[in-house]
Amino acid sequence: MTVRASHQPPGGYRFRHLARMEWIKLRSLRSTWLTVALAVCAPPGIALATGGSNATSGGMSVSNTLTGMLVGVLLTGVAGVLTVTGEYASGTISATFAAAPRRLRVLAAKAAVVGTVALVTGEAAAFLSFFAGAVALRHGITAPALSQPGVLRAIVLTGASLSLAGLFGLGLGTIIRHTAAAITVVVGIVFVGGTFIGQSDFAIRPYLPLYIVSHSLGATGPACLPGMASCWLSPWSGLGLLAGYAAIAMLLGGLILARRDA
Amino acid sequence: MIEVRGLTKRYGSTVAVDRLSFDVPPGAVTGFLGLNGSGKSTTMRMILSLDSPDAGHARIGGQPYLRLRWPLREAGGLLEPRAFHPGRSARAHLAALAASNAIIQSRVDEVLELVGLQAVARKRAGKFSLGMAQRLGIAAALLGDPAVLLLDEPVNGLDPEGIRWIRGLLRSLAAEGRAVLVSSHLISEMALMADRLVVIGQGRLLADTTVAGLSGRAPSLEEAFLQLTGDSAQFRARNMS
């Protein structure tokens with residue numbers, strides 16, 4: 001007698017099944033919600049704390065209210081790393097790939113879930129920061145309005161950078177596999193290295209993730225000011241370059257994942 | 001049914017699995033026996049496409065694992081004793097796996113009850129004892145009600161009651177017509193659990209026989225096993241000198 005798989009539904013496992021698996025995995029970890037809460041609350045908190053130091057009204061204060069978003073970028077970058085390195089550390093990865101041996105499809109599902117959660121988190125944080133910054137403005141200084149040119153774009157694009165940070169982390173985590181090493185690389189490259197290089201080499205500065213988030217995405221004014229040695233990237237070019245960094249990390253991760261033993 | 005044909009895996013100059021061929025037929029428990037480091041786990045990982053072979057292939061129900069439409073519904077594997085995130089509950093771990101293969105969520109509660117974990121199903125699995133972790137791994141393997149089961153050292157870390165439970169479970173799964181492959185380095189346990197034995201040493205097939213067939217070669221089953229694997233250990237020593 002042989003057990004026959006008569007109860008099998010037609011077709012086979014698809015992207016949507018794997019996206020559902022990844023969503024259950026992500027939402028069932030307490031650390032996910034702690035990270036989301038911190039990433040949503042910290043940037044507006046920073047905007048509240050620093051909003052009073054805005055001396056002028058208008059465009060400049062929009063990017064100032066978004067300064068705290070760098071904390072969110074760091075948090076979602078690390079969270080992206082953990083979604084995959086946590087599986088390697090615990091051995092869950094073998095259960096995952098036994099359930100779905102098409103690894104690139106699994107990675108795509110992870111990317112969709114991490115990217116979406118980080119995007120929602122980022123937009124929430126960005127809008128809250130904007131409003132918190134406006135609340136904290138000193139008396140007599142007019143708050144910028146969403147209807148002013150570039151303001152809405154600045155908020156939305158800065159919020160989106162959290163999604164790209166999450167995908168960048170996911171890609172690096174897939175390449176490196178080890179939590180501590182991958183987090184060190186993300187923090188090292190993006191934050192520490194970025195700051196040092198940015199301080200010493202002004203020509204490279206506009207292309208570093210840290211400066212793109214702080215000077216390109218949130219900008220409402222011109223990218224070039226008279227007397228500046230080099231211009232910042234325009235908001236959309238900045239976002240495009242960040243997306244490029246995330247895509248390179250994901251592509252490399254996918255290439256390695258498909259070839260390597262799990 | 002599992003078919004393994006000429007399966008080979010090298011790590012640098014070391015051959016972990018060496019042109020290994022055997023079948024795991026339905027309706028029987030096949031014991032996969034060998035000393036630690038003989039290539040049992042690597043073989044099972046290659047059957048499940050977790051590691052890729054340097055030569056040869058393995059098929060499940062006539063298909064390479066990568067081609068299976070619903071892998072969990074065709075084969076269930078227990079490869080690592082703690083293949084779950086310590087921060088996640090047993091229930092969420094199983095629910096995620098079930099979702100990947102469109103397995104109805106009520107099946108999660110069914111397998112939790114089957115392995116006796118329903119009382120702790122919502123607790124963080126990181127606090128599980130090794131025995132509970134093994135039960136969770138078995139629940140995951142049974143999720144898709146598969147015709148093929150692969151379990152790597154499932155009795156490790158279990159108390160005598162747990163060992164007896166697994167033995168009974170695997171025997172009844174085989175009696176239902178499933179193909180069950182169970183690895184162990186404990187010959188005495190295999191004698192009680194298995195119908196057939198595949199013995200390997202240094203990644204090579206040493207015997208593909210029944211329990212009775214192996215024990216007929218020497219005064220005792222243990223003696224027969226040690227003679228077989230002892231030869232392969234000598235082989236290793238000769239190669240190294």
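User: Two strands count as a pair when DSSP finds at least two bridges between them. On that basis, how many bridges join β8(B) and strand β9 of chain B?

Analyst: This is a predicted model. Strand β9 of chain B covers residues 204-210 and runs antiparallel to β8(B). One of the contacts in this pairing sets Val198(B) against Asp208(B) as bridge partners. The number of bridges between β8(B) and β9 is 6.

User: Which residue takes a positive phi in the hairpin of β8(B) and β9(B)?

Analyst: The hairpin leaves 2 residues between its strands. The phi in question is near 50 degrees, and the residue that takes it is Gln202(B).

User: Is strand β8 of chain B largely enclosed or open, and how many of its residues are buried?

Analyst: Buried means under 20% relative accessible area. Arg196(B), Val198(B) and Ile200(B) point one way from β8(B), while Leu197(B), Val199(B) and Gly201(B) point the other way, and both sets are buried. The strand is therefore largely enclosed by the rest of the structure, with a buried count of 6 of the 6 residues.

User: What is the order of the strands in the open sheet of 3 strands in chain B?

Analyst: The edge strands, each pairing on one side only, are β2 (14-24) and β4 (55-60) of chain B. Strand β1, residues 2-11, is joined to β4(B) by 5 bridges in the antiparallel sense, and Glu3(B) stands opposite Arg59(B) there. The sheet, with antiparallel pairing, has the order β2-β1-β4.

User: At what angle does helix α1 of chain B run to β1(B)?

Analyst: Helix α1 spans residues 40-47 and lies across β1, β2 and β4 of chain B. Its angle to β1(B) is about 120 degrees.

User: How far apart are the sulfur atoms of Cys224(A) and Cys231(A)?

Analyst: A disulfide requires cysteine sulfur atoms within 2.5 Å, and the count over all chains is 1. The link of Cys224(A) and Cys231(A) is right-handed, with 115 degrees about the S-S bond. The sulfur atoms of this disulfide are separated by 1.6 Å.

User: Is Cys41(A) buried or exposed?

Analyst: Cys224(A), at 38% relative accessible area, is partly exposed, and so is Cys231(A) at 34%. The cut-off for exposed is over 50%. With a relative accessibility of 52%, Cys41(A) counts as exposed.

Conventions
Residues numbered from 1 in each chain as written. Chains lettered and ligands numbered in written order. Predicted model: local features only at pLDDT ≥ 70, side-chain atom pairs only at ≥ 80, totals over all residues. Heavy atoms only, no water. Buried < 20%, exposed > 50% of the residue type's maximum accessible area, 1.4 Å probe, protein only. Helix = DSSP H or I, 4+ residues; strand = E, 2+ residues; numbered from the N terminus. Contact = heavy atoms within 4.5 Å. Axes fitted to C-alpha atoms, helices over the stretch in contact; angles between N-to-C directions.
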